[in-house]
Structure formats: C-alpha cells, structure tokens
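Here is a short briefing for a reader new to this structure. Take a look at the sequence and the model before reading on.

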Amino acid sequence: MIYLIIAIVCGSLFAVVLRLFQQFKINSEQGILFNYITGTIVSLVPLFAADAPVTEALIDNSVFSYRIMLTAMIGALFTSGFIIMDMSTWRNGIALTTVIARASLVLPVVFSWLFLNQQQPSWLAVTLVLIALLLIVLPNRPQERSEKRSATDAIRRRKALLTLTSVFLVFGTSDFLMKILQYSVEVDFGTDKVMSEQLINMLTATIFVMASIFALIICLCKGSFRQSRTDWRTIVGGVVLGIINTGSAACMLRGLGCLPTSLYYPVYNIGIVSLATIIGVIFFHEKIKPLQVLGLALAVVAIALNT
C-alpha cells in the first residue's frame, strides 16, 4: 500500500512541477529531456550500490531481450504521450483531455483480466470511476471552447477525435505494458526479493534511457536548443521532475505486485485527481465545485466496491 501512496503523491506533484515550468518560463521540452536523464541516473544508483552481484544474472535471464523490447515501447509511449496530450489539449481543452487520459485505466484493468488471469474487474466500480472522473474534471472546462462549429470544420473535428483516441490508447497501453513488466518479474523472481528489487531498478532505468533518447530526438527535430538557451532553471526543474518521475515509475511497478490490477488502477487514478484537486485549492487557490465533491464521493464508493 505504501508504494501506491508514493506513486499517487509523485503523480500529483508531476503535474504541479509542469505547471511551475510555465510560471518560471522553463522550456518544457528541455525540462522533460533532463527529467528522463535524471530518472536514468537515479534508477541506476541502487544497481551500482548493491552488494549482491545480481546484474549478470539478470542479463543472462532468458527473457531479458523481451523485457528490453517492452521498456523501449514504454519509453516511446512515455515521450509521445507528452506530445499527443499537448495536441489534444490544444484541440479539445485540458478538461476533456484529462478525463480521457484517466479513463484509460479501463484498458489495463480489462486486459490484465483477459490475458494475465488477474482478478475480474467490478464493472459497477469501473463505471463509477469514469463518472467520478467526469464530475471532478469537467467543471473546469473553459467556457470559451463551446463556440459553434460550421460544416467546414469537419476535418478539424476528425483530427480532434483522433487526438482524443490517441491519448486514450497511449496512456492505457503504457499502463498495461507496465503491468506486463511487473508480471514477468513476479513469475521469474517472485520469491527472491533481492532479484525482484534489482530487476525493477534495472527496468526503470532502461525505460528512462529509452525515453531520454526519444526526448532528445524531439528536441533536435523541433530545434528546441536553438530557440531557447539551456539555463540553470531548466536543469534544476528537469532534475526535480526526474526524481518525482522516477519515484512514480518505480513505486508503480512495485505497487502492481501488491494489489490486484482492478483495484490498483482505479485507486491510483482517483488518488491523483483527488490530490491534485487538493493541491490546487491550497497552493493555487482553485475552487472545488459541487459536482467535484460529488465525484470524490463516488470515487470513495468505487474504491470500497473493489476492496
């Protein structure tokens, strides 16, 4: 349970740091790159500090190449997720994009039930989770995005729908691949805590290495270094974001081994939305609307149904 709590806290702080990027005018593309570089370094520290020579055994494992392929896919999804979410936010608004991203929890829950023999999800609980997310996020939808669209905007509407669909698939798929990684560790080293911990550290570092490569490619293709000079604020912001991101990914992999998927993902997503709401009220003076209070209450009911 402690891993789930830390993952929720880190996931909430992740959004807060990105918001601070805007306030301090930090280049987000460079900040995300330094974030993944930091994540790689932080994840490798436990491996080099380990007393037991487990690295060679992990590399010699028969499914090592299979895990490397999965981490490469997750790294690409992590980086592309930022780009797709940015596009969807511009086309559909922050509120609708956030709802779709959090609603993607349906994919790992259902796929884990179908393919990994995980606990069957409570369809009532899943439905309540989706309703709760809508009630929590939709009241923040900007009013200026409700203008009428003409028939000539058909292509624009299709692109908007495509970005929303992409957000749903990218976030849901990356969560499910994380579950597959955790499941493979559990199958091979479930009774060996030392090997399990070291393998999770190695997998986390590999994910961030892959994400760093994709983030660097994006910076180079978009000319980020030419448009904005890298200063100490960008580096510090990226380092802070990287530490938070590492804590989120590492605790997520460990938490998935402690709780059923049908319980973990609903609690994880609801926890992030709820904590982010509280942080917004206390530190950014945002107001909680009555519908959001109702959404939080439904979230508690959904969590209770899954326990």
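A residue counts as buried under 20% relative accessible area, as exposed over 50%, and as partly exposed in between. Lys-222 has 48% relative accessibility, so Lys-222 is partly exposed. The model is predicted. The points below cover salt bridges, aromatic pairs and a surface patch.

**Salt bridges**

- The whole structure holds two salt bridges.
- One joins the side chains of Glu-29 and Lys-222, at 2.8 Å from N to O. Glu-29 belongs to helix 2 and Lys-222 to helix 9, so this bridge ties together parts that are 193 residues apart in sequence.
- Glu-29 has a relative accessible area of 22%, which makes it partly exposed.
- Asp-231 and Arg-233 also meet through their side chains in a salt bridge, at 3.4 Å from N to O.
- Asp-231 is buried, at 17% relative accessible area. Arg-233 is partly exposed, at 31%.

**Aromatic pairs**

- There are three aromatic pairs in the structure.
- In one of them, the ring centres of Tyr-36 and Phe-208 lie 5.9 Å apart. Their planes are at 35 degrees, so the pair is tilted.
- Tyr-36 sits in helix 2 (residues 28-49) and Phe-208 in helix 9 (residues 193-222), so the pair links parts that are 172 residues apart in sequence.
- Both Tyr-36 and Phe-208 are buried.
- Phe-111 and Phe-115 make another pair, with ring centres 6.0 Å apart. Their planes are at 55 degrees, so this pair is tilted.
- Phe-111 and Phe-115 both lie in helix 6 (residues 106-115). They are four residues apart, about one turn of the helix.
- Phe-111 is partly exposed, at 30% relative accessibility. Phe-115 is exposed, with a relative accessible area of 57%.

**Nonpolar surface patch**

- Which residues make a nonpolar surface patch of about 500 Å²? They are Met-1, Ile-2, Ile-5, Ile-6, Val-9 and Leu-13.
- Ile-2, one of these residues, is found in helix 1 (residues 2-23).
- Is Ile-2 buried or exposed? Its relative accessible area is 53%, so Ile-2 is exposed.

Technical notes
Residues numbered from 1 in each chain as written. Predicted model: local features only at pLDDT ≥ 70, side-chain atom pairs only at ≥ 80, totals over all residues. Heavy atoms only, no water. Patch = residues over 30% accessible without salt bridge, like charges linked within 9 Å, V, L, I, M, F, W, Y side chains within 5 Å. Areas by Shrake-Rupley, 256 points an atom, 1.4 Å probe, with all protein chains shown as cover. Salt bridge = Lys/Arg side-chain N within 4 Å of Asp/Glu carboxyl O. Helix = DSSP H or I, 4+ residues; strand = E, 2+ residues; numbered from the N terminus. Buried < 20%, exposed > 50% of the residue type's maximum accessible area, 1.4 Å probe, protein only. Phe/Tyr/Trp six-rings, centres within 6.5 Å; stacked < 30°, edge-to-face > 60°.
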